[in-house]
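These are my notebook entries on one structure.

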Amino acid sequence: MRLGVLDVGSNTVHLLVVDAHPGACPLPAHSHKVELRLAQLLDGSGAIGADGVDRLIAVVQEALRAAEDKGVEELLPFATSAVRDADNADEVLARVREDTGVELQVLSGAEEARLTFLAARRWYGWSAGKLLVVDIGGGSLEIAYGMDEEPDTAVSLPLGAGRLTAGWLPADPPEADAVRALRRHVRTEIARTVGDFSRLGAPDHVVATSKTFKQLARLSGAARSAEGLYVQRELKRESLEAWVPRLAAMTAAERAELPGVSEARAGQLLAGALVAEGAMDLFGIERLEVCPWALREGVILRRLDHMGEG
């Protein structure tokens with residue numbers, strides 16, 4: 001069957017269409033993406049403003065038309081931290097439902113971490129052993145660890161690249177004091193969780209997902225996305241540590257000129273790099289591999305598993 005997953009994230013609204021059935025690898029058929037940056041549309045009270053809600057509804061309607069054009073049989077719509085953390089989340093969900101007919105499922109941070117972990121586990125298989133998965137989104141950071149398809153422990157922290165950029169790095173280029181303050185904040189938040197993972201032992205394989213990690217790996221010399229999903233891409237801490245001060249000295253426009261960095265994400269790349277560097281340092285990660293599958297694939301895989309049970 002042809003499935004569509006509609007991901008209302010902190011940065012983008014992304015429709016991914018796949019051809020899939022239980023027991024088979026989902027095959028991408030179409031991708032429709034709009035940069036909405038919901039995390040940056042919150043007003044002073046922490047609510048998504050009227051203009052932001054109107055724009056969200058228009059983008060969801062656009063995605064629905066794309067799904068219909070591509071023959072999607074079932075749509076799996078969900079929202080992550082930008083909607084989850086908004087003070088008016090219930091009102092936003094009700095407006096989307098009334099105006100589009102789409103019932104967005106709001107995933108908790110822990111659910112995000114578990115579904116992303118499931119996708120990584122299926123991609124790498126049982127031979128990967130104990131798996132540590134790190135994901136940096138626009139609104140939150142997810143970390144999960146385990147031997148099975150369900151992680152033994154999973155956490156979600158409000159350390160998304162978009163959220164941190166808006167709250168901590170308003171200047172362009174950023175002020176040095178602001179960068180140092182954000183670095184301290186990031187490391188303090190991550191350090192609180194390290195003990196929950198270290199007691200479980202060292203992982204056999206460390207992987208990362210998300211656009212932030214893909215861009216950081218590309219800066220460090222990893223293959224371009226055009227070279228395909230099956231090319232191994234890795235990020236070394238040593239390389240990342242060398243890039244952080246360079247990114248901090250650049251404007252967003254200058255970062256957008258770097259290989260693999262999109263104009264839409266250039267502004268928040270420094271915050272994402274500080275989170276990645278902090279996580280790799282505090283967890284003792286010297287290198288990690290970038291996984292092509294992430295949350296959207298996890299949602300699809302869970303749905304296929306339920307179909308198989310039926």
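Entry 1, the largest cavity. I looked up which element gives the largest share of its lining, and found that α7 does, with three residues. The model is predicted, so I note the limits: local features need pLDDT of at least 70, side-chain atom pairs count only at pLDDT 80 or more, and totals for chains, interfaces and linings use all residues. Residues are numbered from 1 along each chain as its sequence is written, and side-chain values use heavy atoms, with hydrogens and water left out.

I wrote down the terms here. Helices (H or I, at least four residues) and strands (E, at least two) are DSSP runs, numbered from the N terminus. On a 1 Å grid over the protein atoms alone, a cavity is a set of points where a 1.4 Å probe fits but cannot get out; a pocket is an open set with protein on both sides within 12 Å along at least five of seven lines; lining residues have an atom within 4 Å of a point.

The search of the whole structure gave one cavity of 30 Å³ or more. The largest cavity holds about 30 Å³ of space, where a volume is the space filled by probe spheres set on the grid points, joined across faces, edges and corners. Its lining consists of Lys211, Thr212, Gln215, Arg265, Gln268 and Leu269. I sorted them into one nonpolar, three polar and two charged. For this sorting, Ala, Val, Leu, Ile, Met, Phe, Trp, Tyr, Cys and Pro are nonpolar, Asp, Glu, Lys and Arg are charged, and the others, Gly among them, are polar.

Is Gln215 buried or exposed? Gln215 is buried because its relative accessibility is 3% (buried is under 20% relative accessible area, exposed over 50%, partly exposed in between, with a 1.4 Å probe and protein chains only). I listed its contacts (heavy atoms within 4.5 Å), skipping residues up to four places away in sequence: Gly260, Val261, Ser262, Arg265 and Leu269.

I noted about 1,200 Å³ of space in the largest pocket. Its lining has 50 residues, and Lys33, Ser210, Lys211, Lys214 and Arg296 lie nearest the centre. Two or more lining residues come from each of β2 (12-19), β3 (27-35), α4 (109-124), β6 (131-136), α7 (211-219) and α12 (295-309). Helix α7 gives the largest share of this lining too, with six residues. The lining has 17 nonpolar, 20 polar and 13 charged residues.

A nonpolar core is a set of buried Ala, Val, Leu, Ile, Met, Phe, Trp, Tyr and Cys residues joined through side-chain atoms within 4.5 Å. I reminded myself that nonpolar side chains tend to be buried together in soluble globular proteins. The largest core has 49 residues, and Leu141, Ile190, Leu216 and Leu247 touch the most other members. Helix α11 (residues 269-282) contributes the most to this core, nine residues. I then looked up Leu247: leaving aside neighbours within four places in sequence, it contacts Leu216, Leu219, Arg255, Leu258, Leu269, Leu270 and Ala273. A second, separate core has 27 residues, including Leu6, Ile57, Ala67 and Ala82.

Rings of Phe, Tyr and Trp (its six-membered ring) pair if their centres lie within 6.5 Å; planes under 30 degrees apart are stacked, over 60 edge-to-face, and the rest tilted. I counted three pairs. Why is the pair of Trp123 and Tyr230 called stacked? Its ring centres are 5.5 Å apart and the planes are at 15°, so the pair counts as stacked. Trp123 is in helix α4 and Tyr230 in the loop between α7 and β10 (234-236), 107 residues apart. Trp123 is partly exposed at 21% relative accessible area, while Tyr230 is exposed at 69%. Together with Trp293 they form one aromatic cluster.

Not counting residues up to four places away in sequence, Leu115 touches Leu107, Ala294, Leu295, Gly298, Val299 and Arg302.
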